[in-house]
2 protein chains.
Amino acid sequence: MTDVTTPSATPDGPVPTRERLLRAAAGLFRNKGYSGTGLAELLAAAEAPKGSLYHHFPNGKSDLALAAADWASEQMLALIDASFTPAPTFQEGAKTVCYKLAKLFDKQGKWSGCPVSATLFEGPENEGFHQHAAKLFEGWITGTAAHARRLGLAEGEARAAAENFYILLQGGWQLARVRRDSDVIRGLHLQMHTPAPGPVQAQKND
Amino acid sequence: MTDVTTPSATPDGPVPTRERLLRAAAGLFRNKGYSGTGLAELLAAAEAPKGSLYHHFPNGKSDLALAAADWASEQMLALIDASFTPAPTFQEGAKTVCYKLAKLFDKQGKWSGCPVSATLFEGPENEGFHQHAAKLFEGWITGTAAHARRLGLAEGEARAAAENFYILLQGGWQLARVRRDSDVIRGLHLQMHTPAPGPVQAQKND
DNA sequence: CCACCTCTGGACCAATCGGTCTAATGCTGT
DNA sequence: ACAGCATTAGACCGATTGGTCCAGAGGTGG
């Protein structure tokens with residue numbers, strides 16, 4: 001388990017077994033869920049024997065799921081950074097994220113789900129899975145909020161905008177999956193909540 | 001479990017076996033997914049023997065999943081109708097939906113997912129499951145859009161508002177699940193996409 | 001060449017999976 | 001009472017599940 005932080009810096013010749021497992025796991029879990037994916041199928045997709053799995057991930061399937069979620073989450077964070085960093089405004093950056101995700105959605109076959117949620121919401125009462133997913137998702141929001149701040153939004157606004165964007169992405173991705181149509185994702189940035197013409201009062205009655 | 005409006009027209013004494021199966025299936029699939037729920041656990045929760053399952057649902061688990069999704073979807077539609085029908089505006093109706101769903105989320109233990117998506121996105125390449133889910137979700141949107149029209153929005157606006165609301169609900173529910181905090185859902189109506197920040201005009205219903 | 005280590009290959013396992021089948025148990029009308 | 005249907009009850013099945021284990025391949029340093 002030497003360096004975990006090797007995303008795919010390798011030149012495309014021999015993909016190491018550990019990463020083949022990660023990719024296969026992320027891809028399969030995305031489509032069929034954690035418990036919907038059997039080890040046999042997973043190992044076949046990764047072209048790895050069972051021994052390798054339990055060498056690289058001593059706790060087996062659950063370890064692999066956590067690592068695959070991390071791996072996918074880092075890809076998402078990279079996509080967010082790549083989209084917002086060169087953007088002139090938050091809105092422009094968000095639009096780029098939508099377009100990149102839409103293209104990704106098409107490339108994956110128009111039916112895949114969010115890797116992290118697909119992987120980590122399976123655990124029945126698996127508290128570890130849940131907290132892991134929560135940490136990753138909050139990382140997305142925090143990362144987005146940082147860009148929002150940098151691009152001129154005030155502290156509270158940035159956080160709210162990031163959350164709103166996250167919500168739209170998750171919901172929009174799901175609707176795109178339902179319809180097998182990436183245009184839903186492409187149009188999400190138009191639905192972002194524009195920081196209200198008036199003061200937002202969040203009263204909760206009832 | 002957790003009646004939304006009027007789930008069972010049956011008198012409260014003996015819940016028939018078929019409905020016990022539906023309730024147990026909806027509840028378990030919501031939390032653990034389709035393939036994450038075993039028949040043994042399901043039958044134990046429903047207090048029904050295996051024979052009853054295959055009597056009421058000849059194709060077994062998959063039949064039950066479809067029926068449970070229908071059952072849950074109808075509850076959702078009823079909640080939508082109950083919220084929008086007495087509402088003076090679309091925004092008010094949407095707010096009521098959010099509050100009712102938030103309460104429901106709390107009642108279910110703050111960790112359950114959307115019944116339909118949790119149930120029907122599991123199928124690997126199960127086209128039937130996918131189309132079934134698509135039909136149910138489009139029903140939610142269509143139902144919401146009908147209320148939007150009735151409450152004054154133009155045809156295209158109504159559809160767009162319904163879709164936007166659906167996206168927010170799905171994404172927001174997921175974030176609520178991640179955080180185990182129903183306030184996310186309660187605040188969703190504030191994030192609805194308002195087409196024009198200016199004064200609302202053109203309430204012409206032809 | 002050997003010792004040593006990482007990693008692979010797959011045989012093997014108990015447990016559980018979803019599903020089938022049949023016998024028994026009601027409950028109806030006659 | 002009886003027949004006939006709907007429903008329940010659970011034993012039983014083959015297939016598959018995730019997981020364990022160890023022999024050996026492949027490389028590296030002595």
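Student: Why are α1(B) and α2(B) called oblique to each other?
Tutor: Their axes cross at roughly 125°. Angles under 35 degrees count as roughly parallel, over 145 as roughly antiparallel, 65 to 115 as roughly perpendicular and the rest as oblique. The value of roughly 125° falls in the rest, so α1(B) and α2(B) are oblique. The axes, lines fitted to C-alpha atoms over the stretch in contact, with angles from 0 to 180 degrees between N-to-C directions, come within 8 Å. The crossing is right-handed: the near helix is turned clockwise from the far one by less than a right angle.

Student: Where do these numbers come from?
Tutor: This is a predicted model, in which local features need pLDDT of at least 70, side-chain atom pairs count only at pLDDT 80 or more, and totals for chains, interfaces and linings use all residues. Residues are numbered from 1 along each chain, chains are lettered from A and ligands numbered from 1, as written.

Student: Which residues of α1(B) and α2(B) meet?
Tutor: Arg20(B), Leu21(B), Ala24(B), Ala25(B) and Leu28(B) belong to α1(B). They meet Glu41(B), Leu42(B), Ala45(B) and Ala46(B) of α2(B). Contact means C-beta atoms, placed from the backbone, within 7 Å. This contact has seven nonpolar, no polar and two charged residues. Ala, Val, Leu, Ile, Met, Phe, Trp, Tyr, Cys and Pro count as nonpolar, Asp, Glu, Lys and Arg as charged, and the others, Gly among them, as polar.

Student: What makes Glu47(B) exposed?
Tutor: Glu47(B) has 12 other C-beta atoms within 10 Å. A residue is buried with 20 or more, exposed with 12 or fewer, and partly exposed in between. So Glu47(B) counts as exposed. Glu47(B) sits in the loop between α2 (39-46) and α3 of chain B. Its phi is positive, about 50°, although it is not a glycine.

Student: Why is Arg180(A) called partly exposed?
Tutor: The count for Arg180(A) is 14 other C-beta atoms within 10 Å. Arg180(A) is in the loop between α8 (155-179) and α9 (183-186) of chain A. Arg180(A) also has a positive phi, about 55°, and is not a glycine. Most residues other than glycine have a negative phi.

Student: What makes up chain A?
Tutor: Chain A has nine helices and zero strands. Helices are DSSP runs (H or I) of at least four residues, and strands (E) of at least two. Of its 206 residues, 43% count as buried.

Student: How many residues of chain B touch chain A?
Tutor: 32 residues of chain B are in contact with 33 of chain A. On the chain B side, α1 (17-32), α7 (127-150) and α8 (155-179) each supply at least two. The largest share, 12 residues, comes from α8(B). This side divides into 14 nonpolar, 14 polar and four charged residues.

Student: What surrounds DNA strand C?
Tutor: 17 residues do, and the closest are Thr17(A), Gly51(A), Ser52(A), Gly38(B) and Gly60(B). Here α3(A) gives the most, with four residues. Five are nonpolar, eight polar and four charged.

Terms used
Contact = placed C-beta atoms within 7 Å. Near = placed C-beta within 6 Å.
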